[in-house]
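Please load the model in your viewer and keep the sequence panel open beside it. The stops below say what to select next and what is to be found there.

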Amino acid sequence: MLVAAEASGDNLGAGLARALKARLGDGVSFCGVGGPKMAAEGIESPFDITQLSILGWVEGILAYGRVKARVRDTADLAAREKPDVAVLIDSWGFTIRVAKALRAAYPSMPLVKFVGPQVWASRPGRANTLAAAVDYLLAINEMDVAPFEAAGLRTTFVGNPALGIDFSKADGARFRASIDTGPDDRVLLVLPGSRPGEVARMTPPFEQAVALLREGRPDLKIAVVIAETVRDDVLGRISTWPFRTYPIEGDAAKFDAMKGATVSLACSGSVSTELALAGSPMVIAYAVDRLSYWLLRKVVTVRFGTLFNIAADEEIAPEFLQDQCTGPNLARAVAERLDDPQLRADQVARQSAALEKMGRGAGDPSDLAADALLDFLKTRPAAPSA
């Protein structure tokens, strides 16, 4: 059983399913919760996971009843399918509740968490909470291992899946040709996020930033990455922008655009690692509701929100968070990079060095996760007989 509740988890689940199929062939079947990519691997979700795409504490409180209902649906699915193991992917608020429900109903079924909460960045007590709820953790950040093992949870670092993306077939020139743009023309790639809450908060300052940038650069081309989970929402929003945009859909087109854009303006998240792998200089932005931000400031212990900035312990990609996430601020930072090729080159080089610190080149995380999961199942002590 593979359980994912948002787009990034859907990617992870699909990759893990493919890797397990490659190792086990007809010896493995799946059930679970996920999105379109997991569905393509044969995992039919009992509900649409976009209703679990929740941003911030306030949205979490408002969605509490809905989350509880979906936890019940997931537990009911387990009751029908009787899986041998459950892998709960990212999405802390939802999957920790699923873990507790499955543990109560099926105490002998092994529970595996794929992606742990970043306890090295905030709320270290979650290490003990997770250790009490599951049997094993597949970690995507090397700094996860020590705190979770100290809490008594067996943990294996399998690498960040974003670091395993192969950009060798991505073609920036192909992207530029698709939007009728020459090799020396400036192109801004906008990535407004994959959750409804992110899109609602990020598109207004992004639109304002782009409008300001185009005032002095009327020839600037604007491409917008459209995540499947928010496709209709984003397409509807950018259709009202008073300048032409080029929607980018699908992973292949997205990777081409990342390689071919002059600069990227991105909602904070795993996409920042993808952009760094593609060699794109970027500006990062993020905002949540005010109460959630106030609470976050009480518990967050790191200086930055972008993983490669954290790994490097410096602000390589500029971050504009919360009140700093305004159209004029974003426009200024993007303009500096659009207008200065040397600044772009320096940022790309520093981003690349930070990726090395994060473990780039360690192997395909999906393959490593599949191998680690199978090894865990082979070596796990047998459950006591009833």
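**First stop: a helix across the strands**

Select helix α15 (residues 327-339), which lies across β7, β10, β11 (282-286) and β12 and runs at about 170 degrees to β11. Helices (H or I, at least four residues) and strands (E, at least two) are DSSP runs, numbered from the N terminus, while axes are lines fitted to C-alpha atoms, for helices over the stretch in contact, with angles from 0 to 180 degrees between N-to-C directions. This is a predicted model, in which local features need pLDDT of at least 70 and side-chain atom pairs count only at pLDDT 80 or more, whereas totals for chains, interfaces and linings use all residues. Residues are numbered from 1 along each chain as its sequence is written, and side-chain values use heavy atoms, with hydrogens and water left out.

Within helix α15, pick out Gly-327, which counts as buried because its relative accessibility is 0% (buried means under 20% relative accessible area, exposed over 50%, partly exposed in between, with a 1.4 Å probe and protein chains only). Leaving aside neighbours within four places in sequence, Gly-327 is in contact (heavy atoms within 4.5 Å) with Pro-205, Gln-208, Ala-209 and Leu-212.

**Second stop: the sheet**

Now select the six strands of the open sheet, whose order is β9-β8-β7-β10-β11-β12, with parallel pairing (two strands pair if DSSP finds at least two bridges between them). Strands β9 (246-249) and β12 (319-321) stand at the edges with a single partner strand each, so one side of each is left without a neighbour in the sheet. From one strand to the next the twist averages 20 degrees.

Which residues of α11 are buried? They are Lys-254, Phe-255, Asp-256, Ala-257, Met-258 and Gly-260, and these buried residues pack against α8 (172-178), β7, β8, β9 and α12 (271-278).

**Last stop: a distance**

Finally, draw a line between the C-alpha atoms of Gly-327 and Leu-355, which are 28 residues apart in sequence and 29 Å apart in space.
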